[in-house]
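Please view the sequence and the structure before reading the points.

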Amino acid sequence: MIVAGVGCRRDTSADEIERVVRMALGMFDLAVERLDAIATESEKATEPAFPEAARRLSVKLIACTAHDLDKVAGRVLTRSKLVLEAKGLPSIAEASALVVAGREGRLLGTRVATERATCAIAIGEGR
């Protein structure tokens, strides 16, 4: 399973989410068709841009609880001061990707960022 974990500022557009996902996949020479899911924190998943971006990319959207994200906090590669202050978690993008990739999942590298969004790619057997 290939998962794009996404974090973003409030009211980020579907265009921006799609762009950061495509950027991240490109960093690892992965075709968009190989992507299985977009993952993000449950509050963010309720924003309209996430289901729209998932629809455009033809993948499912998976919401991760703060509890699940906290369980993988020690495995993230990048720590965001903003996210730590706002959510008490070191990362949304990397942690979401890891949660959905499953117990043996691993990040392909650090997250990539646009002005309003971040994305990390993880691979694994799924949760």
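The model is predicted.

**Helix H6**

- Helix H6 spans residues 93–101, and nine of its nine residues are buried, so the helix is largely enclosed by the rest of the structure.
- The buried residues are Ala93, Glu94, Ala95, Ser96, Ala97, Leu98, Val99, Val100 and Ala101.
- Glu94 is therefore counted as buried, as its relative accessible area falls under 20%.
- The strands that the buried residues of H6 pack against include E1 (2–8), E2 (37–41) and E3 (60–64).
- These residues also pack against strand E4 (106–107), strand E6 (117–123) and helix H4 (66–71).
- Glycine 102 follows H6 and has a positive phi, near 100 degrees.

- Five of the five residues of E2 are buried, so E2 is largely enclosed by the rest of the structure.
- E2 pairs with E1 in the parallel sense, over three bridges.
- In this pairing, alanine 4 stands opposite isoleucine 38 of E2.
- Between E1 and E2 the chain passes through helix H1 (residues 14–27), and this β-α-β crossover is right-handed.
- E2 also runs parallel to E3, and five bridges join the two strands.
- Glutamate 41 stands opposite cysteine 64, which lies in E3.

**Helices H1 and H3**

- Two packed helices are described by the distance between their axes and the angle between them.
- The axes of H1 and H3 come within 8 Å and cross at roughly 50 degrees.
- An angle of roughly 50 degrees lies between the cut-offs of 35 degrees for roughly parallel and 65 degrees for roughly perpendicular, and the two helices are therefore oblique to each other.
- The crossing of H1 and H3 is right-handed.
- On the H1 side, the residues that meet H3 are Ala14, Asp15, Ile17, Glu18, Val21 and Arg22.
- On the H3 side, Ala49, Phe50, Glu52, Ala53, Arg56 and Leu57 take part.

**Alanine 49**

- Alanine 49 lies in helix H3, which covers residues 49–57.
- Its relative accessible area is 9%, and because the cut-off for buried is under 20%, alanine 49 counts as buried.
- Leaving aside residues up to four places away in sequence, alanine 49 touches Thr12, Ser13, Ala14 and Ile17.
- Alanine 49 and lysine 81 are 32 residues apart in sequence, and their C-alpha atoms are 24 Å apart in space.

How values were computed
Residues are numbered from 1 along each chain as its sequence is written. This is a predicted model: local features need pLDDT of at least 70, side-chain atom pairs count only at pLDDT 80 or more; totals for chains, interfaces and linings use all residues. Side-chain values use heavy atoms; hydrogens and water are left out. Buried means under 20% relative accessible area, exposed over 50%, partly exposed in between (1.4 Å probe, protein chains only). Helices (H or I, at least four residues) and strands (E, at least two) are DSSP runs, numbered from the N terminus. Contact means heavy atoms within 4.5 Å. Two strands pair if DSSP finds at least two bridges between them. A crossover is right-handed if, with the strands pointing away from the viewer, the path from the first strand over the helix to the second runs clockwise. Axes are lines fitted to C-alpha atoms, for helices over the stretch in contact, and angles run from 0 to 180 degrees between N-to-C directions. Angles under 35 degrees count as roughly parallel, over 145 as roughly antiparallel, 65 to 115 as roughly perpendicular and the rest as oblique. A crossing is left-handed if the near helix is turned anticlockwise from the far one by less than a right angle, and right-handed if clockwise.
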